[in-house]
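Colleague: I would like a close look at one part of this model. Please take the helix packing and the pocket beside it.

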Amino acid sequence: MSPRRRRATVLAAATVLCAAAAPVAAAAPSGTAAAGPVPAVKPAKLPAGLYGDADPKYDGVWRQSMALLALDGAGAVPAKKAVDWLTDQQCADGSFTAYRADPSDDCDPDTAPGDTNATALAVQALAAVGGRGKEVREAVDWLVSVQNKDGGWGMASRSPSDANSTSVVIGALHAAGKKPAETTAEGGANPYDALLAFQLTCGSKGIEEAPGQQGAFAYQPDKKGRLAPNNDATAAATLAALGKGTLVEPVAKDAKSKPVTPLKCASGTPSGNDGKKQGVPGGRKAAAGAGAAYLAATLEKNDGHFSTVQPGAKKPQPDYANTADAVIALAADGHRTEARASLKWLADNLDDWDKAKNDPSALSSLMLASRATGGSPTELGGTDLLARLVATGPKPAHMPDSDDSSEKKDDGGTIPVWAFIIVGLAVGAGFGILLSGRRKRQQL
């Protein structure tokens, strides 16, 4: 039985027996964790199913989706209320906004239009945890309905396409079982057509003044059509050009690291690598390789990480989040050596990143990066990231297998082994009264 199917079976069994075990199972307080830092007290206005206690106005759906992806990647079964919170955020048209304080209110496309990024990552999360096929289909249908003529997507419906939004939607299409190359807009353009238009190639405007930047992706062209390298966009687009989403399969432990192949531009060929057309010869996978080479070179020059200049800062600061994204992209393309070098930097500097303490998105990105390289999906550099993530929200219905799994307390989402034994004895002894009032719940 596959790990995914085994976890689904455990969740189903827990759902069926939860009511029967209630009279004998002592529940721990909601939101507690078996290990890790004590979570901050959540404001009363935030729902119990949401991960994180910061204001979710701009990132509620995103951070919840990241948490579900990381939990699934770690082998945990998310709590039902955590998945329900995310699905309740969906609008009637299938889209998701960044956050809906009152899901019972109708979505207003004028004041809160659908967010393609939030919708696409929610699709990836719901497809990963399973059992929400209707919501996934409706979200994908909405994404397809707002596809731009160039084949891509912007952050909002019908806004100009950008590399990041197009990338996360490609990941959603992949997760939902659709082929991005066959998801065409009016006129026949597909998502990869839009995505590769953002890559700096030997024929890009201004590339002569920017040596060494070929292979990078821009977020969007400027008003003059010029492309500027963007580390965030390059990490996202490199992954998407491979046709993959955020939750990538781990690198095999015995796999050899694939060497990076930088895009080389011959002198005197400003219109393309072959002098006739713009683009990277070899298609989207070769484009992904060129993007990965740019990421690897840029990371190596900066001691294994990216840097960014924050408003008001006097000097560049480490960019942990985009470094983690780059690790995932490099690992997805088989560049294990380069990916692990940057993952080591993240591990060595983990305590310096304040968000790595209790921010769901940050913790999830680190877990997914470690998993992608073939490392542990639950810890990094000796730090239990899973415990930190669980401390920010609902305890999973089932935690990854461990020696002390039978001793974990129940907070209403998972059932201790001894509770199953008692329920079994009760049923065997004919205690029909204990179960009679819960038959309907057992059939769910």
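Are α6 and α8 roughly parallel or roughly antiparallel to each other?

Modeller: This is a predicted model, so local features need pLDDT of at least 70, side-chain atom pairs count only at pLDDT 80 or more, and totals for chains, interfaces and linings use all residues. Residues are numbered from 1 along each chain as its sequence is written, and side-chain values use heavy atoms, leaving out hydrogens and water.

Now your pair. The axes of α6 and α8 come within 9 Å and cross at roughly 30°. The two helices are therefore roughly parallel. That label covers angles under 35 degrees; over 145 is roughly antiparallel, 65 to 115 roughly perpendicular, and the rest oblique. Axes are lines fitted to C-alpha atoms over the stretch in contact, with angles from 0 to 180 degrees between N-to-C directions. Helices are DSSP runs (H or I, at least four residues), strands are E runs of at least two, and both are numbered from the N terminus. The α6–α8 crossing is left-handed: the near helix is turned anticlockwise from the far one by less than a right angle.

Who touches whom? Ala163, Asn164, Ser167 and Ile170 of α6 meet Asp232, Ala233, Ala236, Ala237 and Ala240 of α8. Contact means heavy atoms within 4.5 Å. By class, this contact has six nonpolar, two polar and one charged residues. Nonpolar means Ala, Val, Leu, Ile, Met, Phe, Trp, Tyr, Cys and Pro; charged means Asp, Glu, Lys and Arg; the others, Gly among them, are polar.

Helix α8 also packs on α10. Their axes come within 9 Å and cross at roughly 25°. α8 and α10 are therefore roughly parallel too, and their crossing is left-handed. Asp232, Ala235, Thr238 and Leu239 of α8 touch Asn322, Asp325, Ala326, Ile328, Ala329 and Ala332 of α10. Six of these residues are nonpolar, two polar and two charged.

Now the pocket. The largest pocket holds about 1,300 Å³ of space. A pocket here is an open set of points on a 1 Å grid where a 1.4 Å probe fits, with protein on both sides within 12 Å along at least five of seven lines; lining residues have an atom within 4 Å of a point. Its lining has 41 residues, with Trp62, Asp232, Ala321, Asn322 and Asp325 nearest the centre. Elements giving two or more residues include α6 (163-175), α8 (231-241) and α10 (320-332). α10 gives the largest share, six residues. The lining divides into 19 nonpolar, 14 polar and eight charged residues.

Technical notes. Points joined across faces, edges and corners; volume = space filled by probe spheres on them.
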